[in-house]
Amino acid sequence: MIVHRFMSAEEYRRLVNGQQLVNESKHKGFRSESRGFCFTTDEPKEAIRYLSGNVDTDYCVTMDIPESMLHKSKALYRDWQNDDVMSYTSLPTNANDVPTVEKTEYCLTRYSVAKVRIIATTTEFNHIPGIKMTQQLMQVLGYRRAK
C-alpha cells in the first residue's frame, strides 16, 4: 500500500540508516484511535492542510508498506475548509470549538527499511509549522488540552 508519513529529521535519519523504529504511543487523548506511527493515503499537499501543527514537517516520505503491517484507524483533525480563522473574535481555547474532519489513518508500531520500500522523500513542507512549534506556542499561550 502506498502511504505518506511526515517525520522529524531524527526519525528520517534512523529510518535511512536501517534502524528499526518503535512507537507504542496511543493517540486516544488526541481525538484519535491510532497507535504508533501514522500514515496517510492522502496526497502530501492535501494532507499537510489538516496535519500541520500535528506532525513533524522536516521530511515527508512516501513508502510502499505491506497492507498486512498496517492497522486502519480514524482520527479527528482541524477542518481547514470550514474553519474561518478570520471570523474569530478571540482564539479558541478548546479543541471542541474548532471545526473538525474525520480522516482515515494507517498505523503500525514498528517498521524499518527492511520491511518497507521508500519511494520518494521531500523536504518541501519543512517551512510549515510542525508539532514542536505548535506545542511551544500553546504552552506560551497557556492552552490546556480538553479532557
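1. The model is a predicted one. One of the pairs is Phe 37 with Tyr 111: the ring centres are 5.0 Å apart and the planes stand at 80°, so this pair is edge-to-face. The cut-off behind that label is an angle over 60 degrees.

2. The two partners come from separate strands. Phe 37 belongs to strand β3 (residues 37-39) and Tyr 111 to strand β7 (residues 110-111), so their pairing ties together parts that are 74 residues apart in sequence. Both are buried: Phe 37 has a relative accessible area of 6%, and Tyr 111 has one of 1%. The cut-off for buried is under 20%.

3. A second pair joins Tyr 50 and Tyr 77. Here the centres are 5.3 Å apart and the planes are at 50°, so the pair is tilted. Tyr 50 is part of helix α2 (residues 44-51) and Tyr 77 is part of strand β5 (residues 71-78), so the pair ties together parts that are 27 residues apart in sequence. Tyr 50 is buried at 3% relative accessibility, and Tyr 77 is buried at 13%.

4. Phe 37 and Tyr 111 also belong to a cluster: ring pairs link them with Phe 39.

5. Ser 112 is in the loop between β7 and β8 (117-122). Apart from its neighbours within four places in sequence, Ser 112 is in contact with Leu 15, Gly 18, Gln 19 and Gln 20.

6. His 4 is a residue of strand β1 (residues 2-7) and is buried, at 6% relative accessibility. Neighbours within four places in sequence aside, the contacts of His 4 include Phe 39, Thr 40, Thr 41, Asp 42, Glu 43 and Pro 44. Cys 60, Val 61 and Thr 62 are also among the residues in contact with His 4. With Thr 62 there is a polar contact, side chain to side chain, at 2.8 Å.

7. Which strands make up the open sheet, and in what order? The sheet has three strands, arranged β1-β4-β8 with antiparallel pairing. β1 and β8 are the edge strands, each with a single partner, so one side of each has no neighbour in the sheet. On average, neighbouring strands are turned by 25° against each other, direction ignored.

8. Within this sheet, strand β4 (residues 59-64) and β8 pair in the antiparallel sense over five bridges. Asp 64 stands opposite Arg 117 of β8.

9. Two helices are placed against these strands. Helix α1 (residues 9-16) packs on the sheet and touches β1, β4 and β8, with its direction at about 130° to that of β1. Helix α2 lies across β1 and β4 and runs at about 45° to β1.

Technical notes. Residues numbered from 1 in each chain as written. Predicted model: local features only at pLDDT ≥ 70, side-chain atom pairs only at ≥ 80, totals over all residues. Heavy atoms only, no water. Phe/Tyr/Trp six-rings, centres within 6.5 Å; stacked < 30°, edge-to-face > 60°. Helix = DSSP H or I, 4+ residues; strand = E, 2+ residues; numbered from the N terminus. Buried < 20%, exposed > 50% of the residue type's maximum accessible area, 1.4 Å probe, protein only. Contact = heavy atoms within 4.5 Å. Polar contact = N/O pair within 3.5 Å; in protein donor to acceptor, adjacent residues only side chain to side chain. Pairing = 2+ DSSP bridges. Axes fitted to C-alpha atoms, helices over the stretch in contact; angles between N-to-C directions.
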